[in-house]
Amino acid sequence: MGTAERREAPEESVAVRSTARPGTKAVEGGIPSPWQGGGPDAEEESRTSRPLWVEEPARRHPMPDPVRTAAVRAVIVIAVTLIQAMVAFLCTMAGSWTAFPMVIGGVVGTVVATWAVVDVWVTRQVWSQRYGVVSEPSSTARALRRERRARHRQERTALREQERIRRRGGAGQLSHP
């Protein structure tokens, strides 16, 4: 019995909960026990039981596809470079003639691996600039804009009032003498 089920379950003793009740089948986490019979109730119970897992929303958004592709490429290049460096070290220790070409290859691999990591960083920045940035004004900008709107509203109201007075033919006086 899970925590949520224990909270909702009526108060009963542990001894009563732990013993199997007649006519019921024990289901652990929504998975029928392997020792249960496959009787006619088993199919109905499997339809009404809980799912095996519940997908929860991710805490962070997954990486965009271009960034993920660049990251995988960088990991593969780094892995190959590390293997090549290890082989170059072993060839040097063994005194093999292939040590020099392997060291040169390790240097080239290091340059390529650095380029791959920079590629991940650049791809991430480009993707963020193109698709990921949502422009939201800051609270100070919002407050300034609100003040500016209120000021424009007052100015428009004053202009409308002046126009109304002019249309009535008044000489700028608000009330009759």
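The protein chain holds six helices and two strands. Helices (H or I, at least four residues) and strands (E, at least two) are DSSP runs, numbered from the N terminus. In order from the N terminus, the elements run α-α-β-β-α-α-α-α. This is a predicted model, in which local features need pLDDT of at least 70, side-chain atom pairs count only at pLDDT 80 or more, and totals for chains, interfaces and linings use all residues. Residues are numbered from 1 along each chain as its sequence is written, and side-chain values use heavy atoms, with hydrogens and water left out.

Start with the chain as a whole. Of its 177 residues, 12% are buried. Buried means under 20% relative accessible area, exposed means over 50%, and partly exposed lies in between (1.4 Å probe, protein chains only). The accessible surface of the protein chain comes to about 15600 Å². Carbon and sulfur atoms account for 61% of that surface. Such areas come from the Shrake-Rupley method with a 1.4 Å probe; for residues, only the protein chains shown count as cover. Now take contacts (heavy atoms within 4.5 Å). Among those between residues at least 6 apart in sequence, 40% join residues at least 24 apart.

Next comes helix α4, residues 65–94. This helix has 30 residues and reaches 43 Å from its first C-alpha to its last. That is close to the 44 Å expected at 1.5 Å a residue; the expected span is 1.5 Å times one less than the number of residues. The buried residues of α4 are V67, A70, A71, A74, T81, A88 and C91. Just after the helix, G95 takes a positive phi of about 75°.

What touches T123? Leaving out residues up to four places away in sequence, T123 touches P66, V67 and A70. T123 sits in helix α5. T123 counts as buried because its relative accessible area is 17%.

The structure holds four salt bridges. A salt bridge is a side-chain nitrogen of Lys or Arg within 4 Å of a carboxyl oxygen of Asp or Glu. One of them joins R68 and D65, at 2.6 Å from N to O. Both lie in α4, three residues apart, about one turn of the helix. R68 is partly exposed at 33% relative accessibility, whereas D65 is exposed at 52%.

Helix α6 covers residues 139–168. There, R164 forms a salt bridge with E161, with the closest N and O atoms 2.2 Å apart. R164 and E161 are three residues apart, so about one helical turn separates them. R166 and E163 meet in a salt bridge too, at 2.8 Å from N to O. R166 is exposed, at 54%, while E163 is partly exposed, at 39%.

Last come the aromatic rings. Rings of Phe, Tyr and Trp (its six-membered ring) pair if their centres lie within 6.5 Å; planes under 30 degrees apart count as stacked, over 60 as edge-to-face and the rest as tilted. By this rule there is one aromatic pair. W127 and Y131 form it, tilted, with 5.6 Å centre to centre and 50° between the planes. Both lie in helix α5 (residues 99–132), four residues apart. W127 is partly exposed at 28%, and Y131 is exposed at 56%.
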